[in-house]
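Here are my notes on this model. Please read them with the structure open.

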Amino acid sequence: MSYLVNRLLSMMLTLFLISVITFTVTNILPGDVAMMIMGTQSNPEALAGLRQSLGLNDPLIVQYGRWIGGMLTGDWGNSLVFKEPIAPLLLQKMKASALIVLFSMSIALVCAVPLGVWAAVHANRWQDTAASSASLVGVSLPDFFWGIMLILLFARGLGWLPSSGFIDPADDIWGAMRHALLPSLALGLGLMAHLTRMTRATMTGILNQEFIRVARAKGLDEGTVVWRYGLANAVGPVMTVAGLQVGYLFGSIIVIESLFNFTGMGWLTYQALLNRDIPLIQASVFVIAAVVMLANLIVDLLYVAVDPRIRLS
Amino acid sequence: MRIPAAFRRSKGLIGAILVLSVFLVALLAPVFIPEDWATQMDMRARLSPPTWAHPLGTDQLGRDLMYRVLLGAQTSIYIASAAVLMSIVIGLPLGLISGYVGRTTDNVLMRLVDTLLSFPALLLALTISAVLGPNLQNTIIAIGIAFTPFLARIIRGEALRVAQMPYVEGARTAGNSDFRIIVHHILPNIMPAVIVQSTISLAFAILAEAGLSFLGLGTQPPDASWGLMIQASRDYLDRAPWTALVPGVAVAVTVLGLNMFGDALRDALDPRAKGGS
């Protein structure tokens, strides 16, 4: 219990630091919100008036206080580009992204874990060489290159799947899946390669340990040894890496969603960055960092739940 | 069938050869290829597939892709190397101090590093680049800052481990100053980890540069970089897929070489952290 309380307290501190960093970095932007709203050619007096009314002349710390106060109470301001309140906009885009993030994570885990175990069981044989080489190529290609190849093959070449757009699963679940499949694959292939490498490395280490030899000596069949004894010990490390990859995923969605015109969180963040929509940049960067931190917290807690050795110490 | 150990070891060699070739291309291409060969527009051969005149085809403006990809190596390698160097210059002292001094200093610094790690590296780099205004120099700064927390974290862990070694204890008992201990006893012993991590970071930096330029928040025209070439190819994928394939393969070969070389280096220099091969 005290572990949980500690983690939550430290999470609060990290969230606070995330907000400070986000606010500071975005405030070095040349040009301010008033300039964004009125344009560079606007009347200097009107500009000064707007600055005054938006509170842009206040000290930074006061501005930060107002911003974080708004974030905490749900008033996230208005997007300058989309001319809409940010909170509902972000929430809606977040749901779209959740679809491909979860989808790609599932694809990656379902394929990577068996593949990594298979490679580890056949360490230094052709099976291992094949799986390891494939995953090495996988981590070496940029995700958007995967994306382009998938578009060329499945959208342009075979014409099986659409290459752009997003459909809300609430409206049309089949259409939503078809539109989410290619972006999810583009995200998932690189991820799968990372996780395969990690699973293989962890499992190779475990399969060389004493207790595995004992299990074999007892006459347990190889399947039980590998999957029940071996994999049970690899779940923790593999899960931790998968959790860390959530951060990587939320970086990749910016590229992939833009490539596939999939209007989720990454696409929104990209639009905000391109158009220097400061309030939207602040909110989306803060939210992404918070989500990534939360994902890692959940993985850590799962780790404790899965591995009794940590709970006891 | 058992793969012979000699073949497995050759992975590092293949990686080294790939990396060396790409670096040589980056260094020598600008010397041997006049710059205007890459910008010359052959209007009669726009989006031309590979031919004798243009062995790798041409782009939408009829520019020769072979010369562009060769000259683009310079930009991509330069940005990635400078960014990794920058992250070492900032991350090394941070990690060393954090790991060696410990206590409050360590707590404060690592809290900051952990917070920075909550920001996806690409998001951090994109934001910094958008804030500073995208150009070559700011791309380096953006990637360099985004990679610093990773390096600082790893160096801190290594410094912490080495600081507890008996020989460091001995050096302290012998009355050496902290500065001397860090420079003469800790630094040389964490170098293998720093070298391995830098090689892997270099691979990620090449990917990051490509990603940033692909989104228009990295290298700007007329500089030729691989990411920029892939971005330009997007609108012509149907008619001219080679415009994406040529720079894409260039990125893949470079990153593959760096990863193979990095894996082999890790196995050779850092036997405790086996894996990933």
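1. Where does UniProt place the feature "transmembrane region" in chain B? The unreviewed entry puts this feature at residues 12-33, 77-100, 112-132, 138-155 and 240-262 of chain B. Keep in mind that the model is predicted.

2. Two of these spans can be checked against the coordinates. Residues 12-33 of chain B are 95% helix and 0% strand. Their end C-alpha atoms are 30 Å apart. Residues 77-100 of chain B are 100% helix and 0% strand. Here the end C-alpha atoms lie 33 Å apart.

3. Now chain A. The domain assignment gives domain 1 (33-75) and domain 2 (87-306) of chain A. Taken over C-alpha atoms, the centres of domain 1 and domain 2 of chain A are separated by 39 Å.

4. How many residues of domain 1 of chain A are in contact with domain 2 of chain A? Five residues of domain 1 of chain A are in contact with nine residues of domain 2 of chain A. The area buried between domain 1 and domain 2 of chain A is about 520 Å². Carbon and sulfur atoms give 81% of that area.

5. What about polar links? Between domain 1 and domain 2 of chain A there are zero salt bridges.

6. On the side of domain 1 of chain A that touches domain 2 of chain A, α2 (33-38) and α4 (60-73) each supply at least two residues. By class, this side of domain 1 of chain A has four nonpolar residues, one polar residue and no charged residues.

Methods:
Residues numbered from 1 in each chain as written. Chains lettered and ligands numbered in written order. Predicted model: local features only at pLDDT ≥ 70, side-chain atom pairs only at ≥ 80, totals over all residues. Heavy atoms only, no water. Domains from an automatic or database assignment. Contact = heavy atoms within 4.5 Å. Buried area = accessible area lost by both parts, 1.4 Å probe. Salt bridge = Lys/Arg side-chain N within 4 Å of Asp/Glu carboxyl O. Helix = DSSP H or I, 4+ residues; strand = E, 2+ residues; numbered from the N terminus. Nonpolar A, V, L, I, M, F, W, Y, C, P; charged D, E, K, R; others polar. UniProt positions renumbered as here; feature names shortened; annotations may be inferred.
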